[in-house]
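Biologist: I would like to learn how to read a protein model together with its ligand. Could we go through it slowly, one feature at a time?

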Amino acid sequence: RIPLVIDTDTAQDDCVALLVGLLDPTPDLKAITMVAGNVGFDQQVRNAQLTLAVAGRLGEVPIHLGCRRPLVREWVSAENVHGDGSGGLSVDAAPEVSDEHGVDALIRLAAENPGELRIVAIGPLTNIATALVKDPEFAANVGELFIMGGSNNGRGNITAAAEYNFYVDPEAAKAVFAAGMNITVVPWHPLTIRDAVFSRERLAEIAAIDTTLARFFFTIVETTLAFDESVGIPGSTHPDSLTAAVLLHPELVTAAADYAVDIETGSDLTRGYSAMSWGVHGLASNARVIEAVDADAFFAYVCDLVRAEVLPS
Ligand code: BDR
Ligand code: CA
């Protein structure tokens, strides 16, 4: 099985991405590392723990607390989009987290699985950038890094220019793309808001599945659904779970290409903008960018995931 770490700012679709890591039989999810992002750090930890409990895996996969703020900038919350990130659900168990820092866990797991470890990074890239600084071997040890972030020369979702994960810690994102790692990017625009949007009709299909996992899915996505609809997106968006899904199931990808990706850190107006240059610009590529996926197959995959009957722990 593929050794996997999910580096996350756990709220809503991050929870669904955790379900991918926990319920799909393909990976061996070795750790969840937490990074400052969507909602308050401690709430994110509770959301991850809740997801482990719903998946019946509480206490089996360690949660490691990582960086509590971006490298240089102040933390920027997305609570206006996510609420508490769990649709008001909570778990009774006291938060149980590893003593090992998230950055150290990433470094250790990469060293223990050289060239094999896959990382799905679905929050700001602060932990990954810090691991690069702390261990010069980290970049070479990581097999593949799948990043949710940026836009493919398209629209941002927090400013006109920037997607949230890269906006929050642009210096980290810039360092990661400069590190010579084997990187795949799932961008916000146009990919996510075209191929990973679940309409109300589709959400009704999930609700009809009526398992514990389907009910959990439905409750946690409701807040972002309301936000997405208020800004003209016709459904709930699933960039993080798509990132985990395409790592485990490359057959979902229908178009991808190599790009030279760099992140804007100098300008206030375009802070966090992801410039994705293609061949014509003559730059060496440093990442593969997913351009299209089979949206129906991705939806069917998520339905199958929540169809499973698990015993919550
Ligand atoms: C990204 O930011 C968060 O709100 C989501 O979890 C996703 O990782 C989308 O811009
Ligand atoms: Ca996220």
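Modeller: Let us begin with what counts as near, since a residue is near a molecule if its C-beta atom, placed from the backbone, lies within 6 Å of it. Please keep in mind throughout that this is a predicted model.

Biologist: How many residues surround ligand 1, and which are the closest?

Modeller: The shell holds 14 residues around ligand 1, and the closest are Ile 122, Met 148, Glu 163, Tyr 164 and Asp 240. Two or more residues of this shell come from each of α1 (13-23), α7 (164-168) and α12 (239-248).

Biologist: Is α1 mostly covered or mostly open?

Modeller: A residue is called buried if 20 or more other C-beta atoms lie within 10 Å of its own. By that test 10 of the 11 residues of α1 are buried, among them Asp 13, Asp 14 and Cys 15, so α1 is mostly covered. In the protein, buried residues make up 51% of the 313 residues.

Biologist: Which helices and strands build the protein, in number, and why is it called as compact as a globular protein of that length?

Modeller: The protein has 13 helices and 11 strands. Its radius of gyration is 18 Å, close to the 20 Å that the globule rule gives for 313 residues, and therefore the protein is as compact as a globular protein of that length. The C-alpha trace spans about 50 × 45 × 35 Å along its principal axes.

Definitions and conventions. Residues numbered from 1 in each chain as written. Chains lettered and ligands numbered in written order. Predicted model: local features only at pLDDT ≥ 70, side-chain atom pairs only at ≥ 80, totals over all residues. Helix = DSSP H or I, 4+ residues; strand = E, 2+ residues; numbered from the N terminus. Rg over C-alpha atoms; globule rule 2.2 N^0.38 Å. Buried ≥ 20, exposed ≤ 12 C-beta atoms within 10 Å, placed from the backbone.
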